[in-house]
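The structure is shown below.

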Amino acid sequence: MSRRVRLLVFLVGGGAVAVMFALAFLSMPHFGRPEHLYRDLAVPAAVRHATANVVSSVNFDQRAIDTFGEETILIASVVGTAALLRPAKEETERRVPDTGRTLGATRLVGYLLLPVSLVIGLDVVVHGQLTPGGGFQGGAVLATGLHLLYVSGSYPALDRLRPLELFDIADALGATTFAAVGLAGIAIAGSFLSNMVSFGTFGALFSAGTVPILNVAVGLEVFVGIVAILAKFLEQDITVVKEGDDG
Amino acid sequence: MNVYAYFVAGWLLIAGGYGIVRSRHMVHAIVSLAVSQSGTYVLLLAVGYQHNVTAPVFGSTEKPTKQVVDPVVQAMTLTDIVVSATVTALLLALAVQVNKRQGTVNPDDLAALEG
Amino acid sequence: MTTPAAGQLLPVLVAAPILVACLLVAVGPRLPRPAVDVLATGTALGVTGVAALLLVVTDPGRTVSWFGGWTPVHRVSVGIPFVADSVSAGIALLVGGLMSCSLLYSWRYFESVEGHFHALMLFFLAGMEGFALSGDVFDMFVFFEVMGAAAYALTGFKVEDESAVEGGLNFGIVNSLGAYLSLTGIGILYARVGQLGLPQLGDALAHKPPDALVVAAFVLIVTGFLVKSAMVPFHFWLADAHAVAPAPVCVLFSGVMVELGLYGTARVFWVVFGETIPLDDIRRTFLILGATTAVLGAVMCFTQRHLKRLLAYSTISHVGLFIIGFACLDPDGTAGAALYVLGHAGVKAALFLIAGVLLDRYGSVDEVDLYGRAKGQRLMPWLFFGSALGLAGLPPFGTALGKSLIEDATLVHGFDWGPALFVLVSAVTAGAVLRAGLRIYFGLGPEPQQEDADKTKGDEEPDTPRLARVPLTMVVPIVVLVLGGLAAGVVPHGGQAVAHAAERLIDGKGYIDQALTNAAPTPLHPEPKADWTTLGVLLGVVSTLLAFGFAALGLWAQKLPRPMQAVSAAFRPLMRVLHHIHSGHVGDYVAWLFVGVAVLAGLVGIPLR
């Protein structure tokens, strides 16, 4: 279809959908209202299980199977990206070419911020049941923190700190831990992904039962998963070339 | 306004769709898809909001109480963000390969699948 | 086995494939290829076995499990349930069976894949099982995305093929947008009800008049599922994806993934919206959309030369017929649709695998290029033509029994055009397949022309080095699938079991009560209508004969008498427009997606004002 016809078709469809949205939104409960049924159930449930961060309780305790599905999507995407960005038959991987020049100041800032980011990331992961954060958020901080090495000019250093075969194993380990905790829930408490470890004291580091365990598993998986995905993209750009090219 | 937030969400969804329809570059189309998805984030968070209450995280200064915003929509949005990031990664990987095979990422010029 | 123990089977169907897939990710590159194959195929067979056990234990009631132990109090809960009735367990079994056949076929199908292919297939398996069993609408969205992530990667798997990655991209963008629209619907409904589980949602909406919000929520939630189902006008991505994905992956797409979209629609409708949106409204909507899908799919199917695209459009057209079965909104139509799905899964999957064999032996899936090249084969033609006859609806294939039940149901509701539509559509699609088979395996008909620049040619890179003989691991799954398609119509009391399962699916109130309060399921109709009728057998034979007629029409088009050639020439401009619309351009697909949402909203909502 020509661009004009396509636009016309979309305007007709999108316009009607906009009308449907408008009619539906006008019947929605108003923004900022005080009645929230699910919240009134979820907050006391979280407190009963000694979890100070209610969102973590919802994610890893009350609706844990959703999070299980979500981290499955993550590892499936890592595998999918690795499969899609594999060097094709007519391509090979070459040695990393000489890097360009970066300012000394940039490199210094990168090296200084790297341990700071990693520590903050670990903190966010481990305290998921107490403070805003958790496995997903902390894993993302860890992964992007590691890539400060690349951003501040040193791809070979990043490459050394990032053994991809080990990362595959770590990724699988994170997902397996989640599934294993879930199946242990069947064995111990009769239900998949039930919170069957002792709850501890509300507000202490060791509280909320399985929530911190699952947080760490997910944190590990997200960290290595994001690093693996970025590694594939970086390789496509930096090291994969058609056979016969000098690059 | 009572329902303004929802209209913002609806607008983002449709604007993202418009972006894909008019796109001349696959990466632009994929990012427009992400714009559509951010409409869903806005919708979910707006649904769970309550005026004049605090975040659903308790500690030494915040005693457990029911006067917090809805934590479930926040959990749903977290799931949604992870889904978005991973799907975007997959689609971008596909776009990289399309560029390598066909030399272009303009949807108007991609010609392998007509009929 | 008591129900609580049966509930433990449910998470195993999701967790086991994920665990083995993680194992393959971790050690796959170090294992020898046969070990990877055995591990993956063994897991799929194991899942099939557990699903069979679940079906036996569940029939005729439902198995409910609230994960995490969060059982409902006062009919609300913070947790997520998995609820399996016979239909869900049956789908879980079908998924496992097709995946096992696919993985067995793949033993010789790819040269080397480092464990990625098998891990992705197992993730795909887990996603489909989770979607079929979940009882929470947001959880269904999550497993829908698990299916999607694995499917996009599997579609574009052959990265050296330029159309494969383009097809994967189109598939990914359109299905993701559909999923996000579904999520919007979920958000809107959540705002009204404050719960996400299907039983609680149905409980809250029952017997209240549907306003704009409820209608919009229904339309948006089923949009994602119907995009997956490839209903018109959400169907454009399917032909692209099937044309480029490896044959074992197409087996899963056409055999069960597309049907899962329709299952999701039916489940959400019956449990959540069945007591609020009037049945007549939904019936009219889906009869119109189903009939359109069936006719458009059939017409596009007949004019393809790329075998896998031809089969893909045939799937779209059959999905239209399944939708009509669902749209009858009674046990008979639903049972017919379920039987038709089972029969279709077997024969369509077999046809895709045979196309894969042709690709590997002769390097092409183009009907024109393959003209006469497969003469002298011994087993494959039997399997091909057996499947084609199954597709036409020849008794005693399962497809014929399903068709006959749906045709009866449409007549009961006063839609006299029903049987005629079914006969015509199945004849046209089977005729296209027969035409291709007669050309390829027997060289019948004059040498076809190389013109038709607006149709996709069947260029595809084979996935193995050229095969001299078809290996056993490829033949066995094909035979099993064809026999399976046959068995669906022949197994004694099979029809009755499916009819009971359909009754359970329709009983939304029973689902709600059993999930929320552990109420006992209501007793089923003792003598459901689920057997062969004379009319059904007759129409099945007529479809088959008509299919041969269409095949002959396709083969000897040049030799037709002058007036008939003039008629077909009159249709050519219309066909050119249709082929031009199916352009492979993702912007077009998204534009039609929005039109489709608008049409769905209009058909459901306007009569309710």
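This is a predicted model: local features need pLDDT of at least 70, side-chain atom pairs count only at pLDDT 80 or more; totals for chains, interfaces and linings use all residues.

A disulfide requires two cysteine sulfur atoms within 2.5 Å. The cysteine sulfur closest to that of C:Cys250 belongs to C:Cys301 and lies 14 Å away, so the gap is too far for a bond. C:Cys301 is likewise in no disulfide, with C:Cys250 supplying its nearest cysteine sulfur.

C:Cys250 is buried, because its relative accessibility is 0%. C:Cys301 also counts as buried, at 0% relative accessibility.

## Extent of the interface of chains C and A

Chain C places 67 residues in contact with 60 residues of chain A. About 5400 Å² is buried between the two chains, and carbon and sulfur atoms give 75% of this area. On the chain C side, C:Trp70, C:Val78 and C:Glu160 supply 12% of the area buried against chain A, more than any other three residues.

## Polar interactions and contributing elements

Two salt bridges are found across the interface of chain C and chain A. One salt bridge joins C:Asp588 to A:Arg6, with 2.5 Å between the closest N and O atoms.

Several helices of chain C give two or more residues to the side that touches chain A, including H2 (9-27), H7 (162-193) and H23 (586-605). H23(C) gives the most, with nine residues. By residue class, this side of chain C consists of 44 nonpolar, 14 polar and nine charged residues.

Notes
Residues are numbered from 1 along each chain as its sequence is written. Chains are lettered from A and ligands numbered from 1 in the order in which they are written. Side-chain values use heavy atoms; hydrogens and water are left out. Buried means under 20% relative accessible area, exposed over 50%, partly exposed in between (1.4 Å probe, protein chains only). Contact means heavy atoms within 4.5 Å. Buried area is the accessible area (1.4 Å probe) that two parts lose on being put together, summed over both. A salt bridge is a side-chain nitrogen of Lys or Arg within 4 Å of a carboxyl oxygen of Asp or Glu. Helices (H or I, at least four residues) and strands (E, at least two) are DSSP runs, numbered from the N terminus. Ala, Val, Leu, Ile, Met, Phe, Trp, Tyr, Cys and Pro count as nonpolar, Asp, Glu, Lys and Arg as charged, and the others, Gly among them, as polar.
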